[in-house]
Amino acid sequence: MHIGELSRRTEVNAHQLRYYEAQGLLEPGRNGAGYRVYGPADVVTVKQIRHLLEAGLSTEDIAYLLPCAVGEAPELVGCPELLAAMRTRLGRLDDQVDALTRSREALAHYIDEAARAGDETRHGVAQ
């Protein structure tokens, strides 16, 4: 099948499919005219990529995981590359959660301080 058909079957636009190819996630064949040619396994691969992207993994992480992926969902078998990549990603997510928590606490503090200062000003305390 050509890229348009793969796009229709996976609901992923052709631009994204070419991006996946550039990232090494898809490896289409070429026909005599040089057009990309995809097989049924590529439909599964694109669906795996989409699910893994939805899980917050980068295309770099996914490149490591795809050899360990089985089925559309995908189910990931315990390849060493898989576990290392997923642990690294989980660590990055934990770091982001920590940073967001600190930002939230700081913002909440500023809001409380501003509200308190506003209350004091309205009641004539801070004059």
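Trainee: What should I keep in mind about the model and its numbering?

Mentor: This is a predicted model, where local features need pLDDT of at least 70, side-chain atom pairs count only at pLDDT 80 or more, and totals for chains, interfaces and linings use all residues. Residues are numbered from 1 along each chain as its sequence is written, and side-chain values use heavy atoms, with hydrogens and water left out.

Trainee: Which residues meet where H1 packs on H3?

Mentor: Leu6, Arg9 and Thr10 of H1 meet Asp42, Val43, Val46 and Lys47 of H3, where contact means heavy atoms within 4.5 Å. By class, this contact has three nonpolar, one polar and three charged residues. Ala, Val, Leu, Ile, Met, Phe, Trp, Tyr, Cys and Pro count as nonpolar, Asp, Glu, Lys and Arg as charged, and the others, Gly among them, as polar.

Trainee: What makes H1 and H2 roughly perpendicular?

Mentor: H1 and H2 pack at about 105 degrees, with their axes 9 Å apart. That angle is why the two helices count as roughly perpendicular to each other. Ile3, Leu6 and Ser7 of H1 make the contact with Ala14, Leu17 and Arg18 of H2. Its residues divide into four nonpolar, one polar and one charged.

Trainee: And why is that term used for H2 and H3?

Mentor: Their angle is about 90 degrees, with the axes 12 Å apart, and H2 and H3 are therefore roughly perpendicular as well. Gln16, Leu17 and Tyr20 in H2 meet Val46, Ile49, Arg50 and Leu53 in H3.

Trainee: How do you know whether serine 7 is buried or exposed?

Mentor: Serine 7 has 17% relative accessibility, so it counts as buried; buried means under 20% relative accessible area, exposed over 50%, and partly exposed in between (1.4 Å probe, protein chains only). Leaving aside neighbours within four places in sequence, serine 7 is in contact with Val12, Asn13, Ala14 and Leu17.

Trainee: What about arginine 8 in that helix?

Mentor: Arginine 8 is found in H1, and at 59% relative accessibility it counts as exposed.

Trainee: Why can we say that the buried residues of H1 line one face?

Mentor: Ile3, Leu6, Ser7 and Thr10 are buried in H1. Seen down the axis, they fall within an arc of 100 degrees, so they line one face of the helix. The arc is that of the directions from the helix axis to the C-beta atoms. Their cover includes helix H2 (14–22), strand E2 (36–37) and H3.

Trainee: Why is threonine 59 called buried?

Mentor: Threonine 59 has a relative accessible area of 12%, so it counts as buried. This residue lies in helix H4 (residues 59–65). Not counting residues up to four places away in sequence, threonine 59 touches Tyr19, Gln23, Leu25 and Leu53.

Key. Helices (H or I, at least four residues) and strands (E, at least two) are DSSP runs, numbered from the N terminus. Axes are lines fitted to C-alpha atoms, for helices over the stretch in contact, and angles run from 0 to 180 degrees between N-to-C directions. Angles under 35 degrees count as roughly parallel, over 145 as roughly antiparallel, 65 to 115 as roughly perpendicular and the rest as oblique.
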